[in-house]
Amino acid sequence: MISTTFSQTEMFDEIGVKYYLDQNTSLNDFRENLRQIKEYRISTLFVNPFKGDSAFYNYSLLSSPKKINLIKEKKYLAENSLDLGLIMPIFLEQDENYKPFLAVNKNGERADRTWQKMVCPSNSEYKSQKLKLIKESTEKLHPKYLLLDFIRFPVHWEEIDVKESNYNFEEFCFCTNCINQFKIYLKENSKEFNDSDSSSVLTNKFQTDWHKWRSSLISDFVKNVREIVDPNIQIIINTIPWTAEFADNALYKITGQDLSQLAQYSDFFSPMIYHKKINADDQFILEIIKDQVEFQNLFPAFQAGKVTSEEYKKEDLESAFQLAKSMQIKKIILFDFNRLKENYTSTELMSITSE
Ligand SMILES: [Zn+2]
């Protein structure tokens, strides 16, 4: 595999960029973008092989004619010195048909408030289908990296201002399947309860077990992924950009990401440090990095432009890079190519990644 070699005077030894294909992306645009990405001296293209029920290559389970076949495009990636990373959303489905699979909150409402329709992590049927998708796409596309996205319980972390002090998280999942499986877990661990106890009684009485059990659903899925994909493919976990202590351990208690467990079955964590979006100052960024690097090598993602409507200045990327560098981060991912292109020329990016 060909990689761009950076001179030693540069800040990072690997820069990836996220690039999202959709049904409207034309083959010409895609190839033109690959050429542009090369000009930015980016080494890895992180791209989605699926969008909804369509695949961007010939896939045996999903059938829709596509303009872009990533298997064929690998040649163009190589010509542009780009390695391939696959972005794989796990507990997320945008299609309405998945409504019965969505996670349920305490009021019995499904996790479908925004475009992020998030699936219950206890559904075995859904998980085995997802594993099949991962297996086939990695076998056919041979990526260098597999980036697991939405590998967590539902939370709209990008809507949370980390400087606020009151958080009212909506907790998931209280679907019948989750509660039944949790009861089995309690029985296996010799915990005494009444079968007629409501889910709120059980989850309050056995809070520690509840958090442990639900986070195991997330870690076990990553373990299953590690078992089925080629060991040469490096697994990256998209982690929530919160410190361990933020909002009473919400990273663990709300999202279900148990960093020590996830580290066992992965190669990198990629905290999505969209610092302007979540209003994180330098100190908070440093703490996220410090907390997560304790468990795993980091390949963090930074925003290269506005995520939504927050303020974003050109200098914001540079200062985040300086912080990353001060913490010996050697690999970074930019979110995303459209934002990068809108805010920086290739010369500008190169100048801020040079010492
Ligand atoms: Zn559930």
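**Reading a strand and its partners**

Mentor: Gladly! Take strand S2 (residues 44-47): Thr44 and Phe46 point one way, Leu45 and Val47 point the other way, and all are buried. Helices (H or I, at least four residues) and strands (E, at least two) are DSSP runs, numbered from the N terminus. Buried means that 20 or more other C-beta atoms, placed from the backbone, lie within 10 Å of the residue's own; 12 or fewer is exposed, and in between is partly exposed. This is a predicted model, where local features need pLDDT of at least 70 and side-chain atom pairs count only at pLDDT 80 or more, while totals for chains, interfaces and linings use all residues. Residues are numbered from 1 along each chain as its sequence is written.

Trainee: Why do side chains in a strand point two ways?

Mentor: In a regular strand the side chains alternate between the two faces of the sheet.

Trainee: Which strand does S1 (residues 14-19) join, and how do they run?

Mentor: Strands pair if DSSP finds at least two bridges between them. Here 4 bridges join S1 to S2, and the two run parallel. Glycine 16 stands opposite threonine 44 in S2. From S1 the chain crosses through helix H1 (residues 27-39) to S2, a right-handed β-α-β crossover; with the strands pointing away from the viewer, the path from the first strand over the helix to the second runs clockwise.

Trainee: What stands opposite threonine 44 in S5?

Mentor: Aspartate 83 does. S2 and S5 (residues 83-89) run parallel, joined by 4 bridges.

Trainee: How many helices and strands does the chain have?

Mentor: There are 13 helices and 10 strands.
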